[in-house]
Every structure is written in C-alpha cells, then in structure tokens.
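The structure comes first, and the points grouped by topic follow.

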Amino acid sequence: MRDKRDGSRARRATLHIFVALVLLFLALPNLIVVPISFNPTTIIEFPPRGFTMHWYERYLELPGWLDATRVSFITASLTAAVAVSLGTLCAYGLTHCAFPGKRLLKSLILLPLIVPSLVLAISIYKLFIQLDLIGTIAGFVVAHSVLAIPFVITIMSASFRGVDPAIEKAARSLGANRLRTLWRVSLPLVLPGLLSATLLAFLVSFDELIIALFISDPFVSTLPKKLWDGIRLEVDPTLAAVSTILIGVSLGVLAIVAWSRRHIEESVT
Amino acid sequence: MTLVFLVPCILFLALFFLLPVTSFLVRGFFDPGLTLRNYARAITGEIYLLILWRTIVTSFLTSLICLVLGYPVAYVVAHASGRTQAVILAFVLIPFWTSILVRVFAWIALLGRNGVINSALMQIGITDAPIPMLYNNFAVLLSMTHVMLPYMILPCFSVMKNISPSLTAAAENLGASPRRAFLRIYFPLSLPGAAAGCLLVFIISGGFYITPALLGGANGIFLSQLIEQEVNSSVDWSFASALSGILVVVTVSFYVLYERFVAFDDDLGEVQP
C-alpha cells in the first residue's frame, strides 16, 4: 500500500517537473528579449552587461520605426472598426435568422483562416496590383479585415447565443424592429464579447506580417514588416527594444480584455 | 431583413477573399491556354518533391513533438485547481498572443553562434566551438514547435476538462492500478482532443512561411518559400499557383478531417460506461 502511494507521488512529481520545463520553454523567448533590449553592447548577448535605454531612444529617433508604428496603429484601429461592424452584423444575422445554406455560409466564413496565409497574401497582392492599392493604408485595412472578420464572427456568434431570447422578444413585442432591437437591446448585452472582438481584431492586424510583406512599399509599411527587414538585414538590439514594445502591446491588450470583461460582467449582474 | 445583416459582410469577403484567391488558384491551370503542365511539373520535378517531402516531414515531426510535450501540460491543467489553472493557462496563452516575429527574433538571439545558449555552453566548458543551431532545420523545427504548442495544448485541454474524474476513480476502486486506469479509461477518452491537436498543428505548420524563411538554411527551403520565390523572383505565376493549389487542397482536406474530430468531441457530452 505504501509502495503504491510513493510510486504515484514520484510519478506525479516527474509529471509536474516535465510540465514546468515545457512551460519554461514556452516562456523563454519572451523572457530573453526583454533584458537584451536594455543591454548596452551592440551584439545580442545574455546575461546583460548593464542597463541602458539607448535602443529605445534609437527606436524613437530613427525615422522608420515611428512611421511604421503609426501605420500599424492606424491600420489596426481601422481594421478593428471595419471587422467588428461587418462581423457583428453578420453574426447577428447568423444567430437570429433562419435561411437555407447556413452551414455552407459558416464554412465560407471560416475559409480565410483555413487557407494558408501565404496563398491569401499572394492572391490579395495580385488583386491590389490591379486595383493600385499597394502601399496604401486602405489596402492594409481591407486585407487585414479579411483575416479579422472570421474571428469577430466566431466571438460575436457565441456572445449573441448567450443572450436570453426572451429579452429580445420582449423588445420586439413592444414595437422595435430588428435593427433597433440590435442597437438598443442586444448590443449592450454583449458588450464583453464586443470588447474582446474589437481588441482581438486590433491585435490580428497589428501583428500581421505575411500580407504586409507583399502589399507594403518603401513608404508605407507596418511595424512587423520593419522588424522583418531588420532581422534579415541588420540584427541589433534595437530589434529587441521593438520586440519588447510589441510584447507590451500584446500583454496590454490581453490585460484590458481580462479586466474589462470582469468589470462589465460585474456591473451587469 | 436578414439580408441587411449578412450582405455587407458576404459582399466584402466575396470581393476581397473569394475572388482573388480563386482567381489566383485558377491560374495554375492556364499557361496561357488550359493545361496541366504546371501541376505535372510540381508533382514530378525532383527538387519540388524534395521540398514537398521536407515540408511534410517537418510538419509531421512538429505534430509529434507537440503531442509529446503538450499532452502532459493539458493533463496537468485539466486537473489543476482554479488558481494554478489560470497561471498555467497564462503561460500558454501569453506566447500565443505574442507576435511571431518577436519569438523568431528571440530564437535567433538564443541559437546564434554568439547567442545565449552557445555562450553559456562555452563558458561552462561543455564545448569549445559554437554549435551550429541556427539557419538549419533544427532551428525551424524548434521554433515551429514553440509556436504550435498552444495549438496542441488547448484542444487537448478542452476535451480533457470534460472527462469526469469519477471514471478513473471508479476504475481504481474496481482494482485497476493508476496506470491501467489511465491507459484503458482516460487516454482513449482524451484521444479526440489529441487527434484534433495533431491535425491542427500539422495543417498550420505545412503553410508556415515566416519561421523557415528567417531561421532555415538557404538550401533547405519549404513549400511556402518555394511559392514565394516563384512569385517574387521567377515571376512564374502559373507555377506558383499550381504549387499553392496543392498546398490548399492538402490543407483543406486535413481541415475537413479535423472538423470531424471536433464534431465528434461535441457528441462526447455523455459517456457510456
């Protein structure tokens, strides 16, 4: 009896150590990049020799980086707006209306995520050459929205399904049409999902690289594209500073989503 | 009324997704007249078959390694208490939401000749010369595993958390050893999640471009890099389209297979003992 318990305890300890190592493996890149960005030496090394904000200053001073950040930020914001508008409307239609071919439509909507992003990037590149949308923010927004919309529809469909249909029926019976019901009744109820979808769409666009590789031009390119150029041409710790900033953006977005969801859910209940 | 909700989105996707993608994929059948020449070239050319093989093998290996590393993590998360569960999930989700470029750059910093690992090994004295760990298949495999692990852990976890702990408890009460209870009861029930994870990792790895482009060797390119070369360097749109067509067909087929496992998972609501 005692042997059995000791055995299982040793087994459990091994399992936990193994899992801890895997989690360390997952965290390693993020942990490495941050100290490197504060290291004074020009080569990439670890452990860091000192502390400096030099690389962050370079990020702020060299013209290309701030421009790229601006393009990324504007594109991501507009993408979020477009994707959330189109996607939420579509999700509402999917969850509230009955029509033939719904399953086909659902598969169609997921296609942008299934088709390899390289193929999508090349296809859009080919189209944008003809439409003269290369190197334009409008082009970026359109392309990124294609990627973001399936995410938005997935999240908002789940959110709408969580709303008690009785509430909407009550609104309808009091005379509101579908559009008004959506705007005044359903949307406020799915605010957490709406926030998640918006921030997710923002992040999808902000971090997107493959499409940007094809539809950027020397004057208008995104932050990931600039980082890609840096990695290919000249690796220096400025890239670590930019990487740390990107990590900060991702973490910030995740934190806002987590905090707001809890905040909204608490105020609704 | 339905149309008002659906039309803007469908129109948008049709115009900016369906149209360009089908237009590009159809290109593979024209050169310029209707012909299968490009597909024949893609399937028979020795260089191309090598690249295809390398892509498939690396994706398969990534799947396997992710399964071995990810399944135990999912198991521990599924059995963890609320607080521990949240912490472990954070460890899984934060890299998931970090830009892939940041992670690739970190691997360059880690694996380079003067990188973190080589410097550490040489300082400790394990090795005299830096080990070439970068710009080869090893680096690609390592980075792909790192990126794909959450795609394995999350499906496994979502299936595992629905497996009632009373099942293994009942088996042990009836005399089974913990190992037997796991192998005969728990493992088979968790299989749909593991299968879904493997398929997902395989599908996504197959289309990888950024990781092999930045971390791979110059002579060991992957399918996606070949396609990119055909578009940007050779400007052979028809051939690029044929190669993409093969990639898309394989990807979509495996995705359909994946969907069947996910649907199967939904039916797994109750378990017949």
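The contact between the chains takes 68 residues from chain B and 75 residues from chain A. The model is predicted, and the values below are computed from it. Together, chain B and chain A bury about 6600 Å².

**Interface between chain A and chain B**

- Of the area buried between chain B and chain A, 87% lies on carbon and sulfur atoms.
- On the side of chain B, Phe5(B), Trp97(B) and Phe105(B) supply 13% of the area that this chain buries against chain A, more than any other three residues.

**Helix 7 and helix 8 of chain A**

- Helix 7 (residues 165-173) and helix 8 (residues 178-189) of chain A have axes that come within 10 Å and cross at roughly 145 degrees.
- This crossing of helix 7 of chain A and helix 8 of chain A is right-handed.
- From helix 7 of chain A, the contact draws on Ile167(A), Glu168(A), Ala171(A) and Arg172(A); from helix 8 of chain A, it draws on Arg178(A), Thr181(A), Val185(A), Ser186(A) and Leu189(A).
- By class, the residues of this contact in chain A comprise 4 nonpolar, 2 polar and 3 charged.

**Helix 8 and helix 9 of chain B**

- In chain B, the axes of helix 8 (residues 165-173) and helix 9 (residues 178-206) come within 9 Å, crossing at roughly 145 degrees.
- The crossing of helix 8 of chain B with helix 9 of chain B is right-handed.
- Helix 8 of chain B contributes Leu167(B), Thr168(B), Ala171(B) and Glu172(B), which meet Pro178(B), Ala181(B), Ile185(B), Tyr186(B) and Leu189(B) of helix 9 of chain B.
- The contact of helix 8 with helix 9 of chain B is made up of 7 nonpolar, 1 polar and 1 charged residues.

- The volume of the largest cavity is about 40 Å³.
- Its lining consists of Ala42(B), Tyr48(B), Leu52(B), Leu223(B), Leu243(B) and Ile246(B).
- At least two residues of that lining come from each of helix 3 (46-79) and helix 12 (237-267) of chain B.
- The lining of the largest cavity has 6 nonpolar residues, with no polar and no charged residues.

How values were computed
Residues numbered from 1 in each chain as written. Chains lettered and ligands numbered in written order. Predicted model: local features only at pLDDT ≥ 70, side-chain atom pairs only at ≥ 80, totals over all residues. Heavy atoms only, no water. 1 Å grid on protein atoms, 1.4 Å probe; cavity = no way out; pocket = protein on both sides within 12 Å on 5 of 7 lines; lining within 4 Å. Points joined across faces, edges and corners; volume = space filled by probe spheres on them. Helix = DSSP H or I, 4+ residues; strand = E, 2+ residues; numbered from the N terminus. Nonpolar A, V, L, I, M, F, W, Y, C, P; charged D, E, K, R; others polar. Axes fitted to C-alpha atoms, helices over the stretch in contact; angles between N-to-C directions. Left-handed = near helix turned anticlockwise from the far one by under 90°. Contact = heavy atoms within 4.5 Å. Buried area = accessible area lost by both parts, 1.4 Å probe.
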